[in-house]
Structures are given as structure tokens and as C-alpha cells.
Amino acid sequence: MVSVEPPRRLLVTWADRGVDGPAPAHQVDRRPDDRGPVLRLLDHTDPRARYQRALVLTIPRGRARAQALARDMGAQVDAVEVRVVEVDDPSDYRALFTELAPLVAEVGRAAPPDAWEVDVLLSAGTPQAQALW
């Protein structure tokens, strides 16, 4: 009997905790009982299909909050990495595309499709960041 290993799972998402300093226009306050879209997704993921790895993207002003999110995700994901995308304005399509293109290529090399399923969570991030996926 041949046993086939299921693909490993990688989640790519923008952080959903906002930034330090003045809040951007797209950021709204959450209800105290709302854990945010990233943790809601993980809470509703079948444990048999859990993510082995997650990549949390953030801009420099969101680094501390993204690291807190990564710590919370660690209860449900084996390895969580925070990656700072070096853009000042997360609504700037050109800057986002310039920074994300090499990152997408890197993800493709690190998580080849024959061994990994890659999910991109579109619920977090600016509308411009969501549109680029």
C-alpha cells in the first residue's frame, strides 16, 4: 500500500491589528470580543487541516502589533513569521507591487505546489493590498 502525504499548508496574510500611531482611514475599531479575521479563520480551521506555517505581512508602523498577532497565532500554527513590507503608505499600489513581487516569488520557491497548499487570506490589509493578490 502506498501512502501519500497530504500537502503541508501555508497561510499568507496581512496583519489585522493596525499600526502604532494615528490610525489610517481604512482601520476601524473592533468589538472587544472580535479576535479579527486571521484568528477567526484559524479558530474555524479543522485541526486535521491546520497550517504548518504562516507568513504575516505588515508595514513598519505595524511591526509590534503584527508580532503580537503572530504570538497569538502560535497556538494554532506550528511556525509563524512576521515580514515587514517596506512601504510607508499601504494604499500605494506601485510601492506594494514593487515589494510584493519578490516576496511572492520567494513563497513559490519555499512552498512548491507539489508539497504545499498556499492560502492567502484577503480579509486583512488595505483594499489596495487585498487587490494585488
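The questions and answers below go through a predicted model of one chain, from its overall build to single residues.

Reader: What share of the contacts with a separation of 6 or more is made by residues 24 or more positions apart?
Author: Of the 133 residues of the chain, 35% count as buried. Among contacts in the chain with a separation of 6 or more, the share that joins residues 24 or more positions apart is 78%.

Reader: How far apart do the centres of the positive and negative side chains lie?
Author: The accessible surface of the chain is about 8,100 Å², with 53% of it belonging to carbon and sulfur atoms. The charged side chains number 17 positive and 20 negative, and the distance between the centres of these two sets is 2 Å.

Reader: Within what arc do the buried residues of helix H2 fall, seen down its axis?
Author: Helix H2 covers residues 63–73, and its buried residues are Ala 66, Leu 69, Ala 70 and Met 73. Seen down the axis of H2, these buried residues line one face of the helix, because they fall within an arc of 100°.

Reader: Which elements do the buried residues of H2 pack against?
Author: One of the partners is a helix, H1 (36–43), whose own buried residues are Gly 36, Pro 37, Val 38, Leu 39 and Leu 42. The buried residues of H1 in turn pack against E1, H2 and strand E4 (116–121). For the buried residues of H2, the elements are strand E1 (8–14), helix H1, strand E2 (53–58) and strand E3 (79–84).

Reader: Is Val 12 buried or exposed, and what is its relative accessible area?
Author: Val 12 has its place in strand E1, and, not counting residues up to four places away in sequence, Val 12 touches Leu 55, Leu 57, Val 118, Asp 119, Val 120, Leu 121 and Trp 133. Since buried means under 20% relative accessible area, Val 12 counts as buried, and its value is 3%.

Reader: Is Gln 52 buried or exposed, and what is its relative accessible area?
Author: Gln 52 sits in the loop between H1 and E2. Leaving aside neighbours within four places in sequence, Gln 52 is in contact with Arg 8, Arg 9, Val 77, Asp 78, Ala 79 and Trp 116. Gln 52 is buried, and its relative accessible area is 18%.

Reader: What distance separates the C-alpha atoms of Ala 95 and Arg 40?
Author: Ala 95 lies in helix H3, residues 93–110, and is partly exposed, with a relative accessible area of 24%. Along the chain, Ala 95 and Arg 40 are 55 residues apart, and the separation of their C-alpha atoms is 29 Å.

Methods
Residues numbered from 1 in each chain as written. Predicted model: local features only at pLDDT ≥ 70, side-chain atom pairs only at ≥ 80, totals over all residues. Heavy atoms only, no water. Buried < 20%, exposed > 50% of the residue type's maximum accessible area, 1.4 Å probe, protein only. Contact = heavy atoms within 4.5 Å. Areas by Shrake-Rupley, 256 points an atom, 1.4 Å probe, with all protein chains shown as cover. Lys, Arg positive; Asp, Glu negative; His and termini not counted. Charge placed at Lys NZ, Arg CZ, Asp CG, Glu CD. Helix = DSSP H or I, 4+ residues; strand = E, 2+ residues; numbered from the N terminus. Arc of directions from axis to C-beta.
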